[in-house]
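Student: I have a new structure open and would like to learn how to read its side-chain contacts. Could you walk me through them?

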Amino acid sequence: MTDTKGTVLITGASSGIGAIYADRFAARGHDLILVARNLGRLADVAASLQEKHGVQVKHGVQVKTIAADLGSEEGLRAVDTVLAEDHTITHLVNNAGFGSAAPLTAADVGEMQAMVTINVTAPLRLIYTAVPRFIARGKGTIINISSIVAIGPEILNGVYGGTKSFLLAFSQSLRKELAGTGVNVQVVLPGATGTKFWDVAGLPASNLPTEWVMSAADLVDAALLGLDRREFATIPSLADASEWDAWEASRAVMLPHLSNREPAERYQR
Ligand code: NAP
């Protein structure tokens with residue numbers, strides 16, 4: 001038997017941000033379940049963790065890989081089943097996803113639907129499986145990788161922005177619903193990060209001003225510092241945290257005024 005700090009299930013762990021999360025959680029002594037489609041790349045990540053952290057199958061930190069397409073019902077069910085049956089899982093990192101830089105008229109609607117499945121349906125399904133189990137155990141951590149486009153959906157493709165806004169909104173609701181259960185929710189809003197995301201999105205990162213682009217390592221290290229501080233929303237690029245607080249405060253100001261029997265006076269003839 002191993003004596004670790006619990007198992008972290010990371011989707012999209014074959015590259016970029018997810019692979020760095022795998023490295024950092026392994027360094028913290030967590031067992032890992034790494035999910036992505038490309039088994040070869042997942043195996044490379046697992047091998048490099050073994051080399052770097054002395055990961056072994058029977059002793060020390062264990063790493064399992066699951067080759068699954070989260071865009072397919074079969075792949076989703078495979079990951080869901082592991083999440084339901086493996087009681088050692090303490091952390092779920094919803095990281096798998098892809099984006100697009102194409103405007104509506106240039107974007108393929110089928111690809112947009114696939115984006116919604118991977119960026120929205122997959123985390124939704126995994127959260128629905130994880131949350132009741134985490135509540136029953138009185139502990140657990142959910143990390144949702146959203147994006148700054150959740151705040152600025154006009155920046156890239158609108159469907160991509162919508163999927164990341166969903167993750168932010170769902171996380172805000174989870175924060176409220178899970179208060180007092182011992183289950184912790186963090187939503188991470190990366191700005192431009194130097195990964196293959198940008199190649200997939202059709203706008204290689206080399207097209208962006210270098211001062212905009214954070215390394216995946218810096219991004220994840222900042223996000224984990226936010227997690228350690230029990231921060232709900234972590235925006236590693238944002239220098240002045242009071243700007244986020246002001247945004248949250250303006251929602252709180254409006255909330256009591258958003259439902260009324262009568263239309264507001266300005267809509268009355
Ligand atoms: P990445 O290097 O392209 O990583 C994406 C990961 O998701 C890969 O491991 C990929 O693995 C996996 N994935 C994609 N489609 C999948 C599917 N159908 N089923 C299972 N796994 C799938 O890009 P990244 O930047 O690290 O992206 C990670 C997350 O950060 C994404 O949710 C992205 O929206 C978010 N984000 C990125 C940036 C940025 O600037 N890079 C900014 C804000 C937010 P396989 O190809 O092997 O399946």
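Student: Let's begin with Arg261: is this residue buried or exposed?

Tutor: Accessibility is sorted into classes: buried is under 20% relative accessible area, exposed is over 50%, and partly exposed is in between, with a 1.4 Å probe and protein chains only. Arg261 has a relative accessible area of 77%, so this residue is exposed. Keep in mind that this is a predicted model, where local features need pLDDT of at least 70 and side-chain atom pairs count only at pLDDT 80 or more, while totals for chains, interfaces and linings use all residues. Residues are numbered from 1 along each chain as its sequence is written, and side-chain values use heavy atoms, with hydrogens and water left out.

Student: Which residue does Arg261 meet in a salt bridge?

Tutor: A salt bridge is a side-chain nitrogen of Lys or Arg within 4 Å of a carboxyl oxygen of Asp or Glu. Here the side chain of Arg261 meets that of Glu262, at 3.8 Å from N to O. Glu262 counts as partly exposed, at 47% relative accessibility. Elsewhere, salt bridges with shared partners join Asp23, Arg24, Lys52 and Asp221 into one network.

Student: How many salt bridges does a search of the whole structure find?

Tutor: Ten. One of them brings Lys64 and Asp86 together at 3.9 Å, N to O. Lys64 is in strand E3 (residues 63-67) and Asp86 in the loop between helix H3 (73-85) and strand E4 (89-94), so to speak a link between distant parts of the chain, 22 residues apart. Those labels are DSSP runs numbered from the N terminus: helices are H or I with at least four residues, and strands are E with at least two. Lys64 counts as partly exposed at 45% relative accessibility, whereas Asp86 counts as buried at 14%.

Student: What about Arg175 and Glu248?

Tutor: Their side chains also form a salt bridge, 3.0 Å from N to O. Because Arg175 lies in helix H5 and Glu248 in helix H8, the pair ties together parts that are 73 residues apart in sequence. Arg175 counts as partly exposed, with 34% relative accessibility, and Glu248 as buried, with 15%.

Student: Where does the charged end of Arg175 sit?

Tutor: A charge sits over a ring if NZ of Lys or CZ of Arg is within 6 Å of the ring centre and within 35 degrees of the ring normal. For Arg175, the ring is that of Phe232, with the charged end 4.0 Å from its centre.

Student: And how many aromatic pairs are there?

Tutor: Six. Rings of Phe, Tyr and Trp (its six-membered ring) pair if their centres lie within 6.5 Å; planes under 30 degrees apart count as stacked, over 60 as edge-to-face and the rest as tilted. Tyr160 and Phe197 have ring centres 5.4 Å apart and planes at 45°, so the pair is tilted. Tyr160 belongs to helix H5 (residues 158-177) and Phe197 to helix H6 (residues 197-200), so parts 37 residues apart in sequence are tied together. Both Tyr160 and Phe197 are buried.

Student: How are the rings of Trp244 and Trp247 placed?

Tutor: Their centres are 5.4 Å apart with planes at 50°, so this pair is tilted. Trp244 and Trp247 are both in helix H8 (residues 241-254), three residues apart, about one turn of the helix. Trp244 counts as buried at 10% relative accessibility, while Trp247 counts as partly exposed at 33%. Ring pairs also link Tyr128, Phe166 and Phe170 into a cluster.
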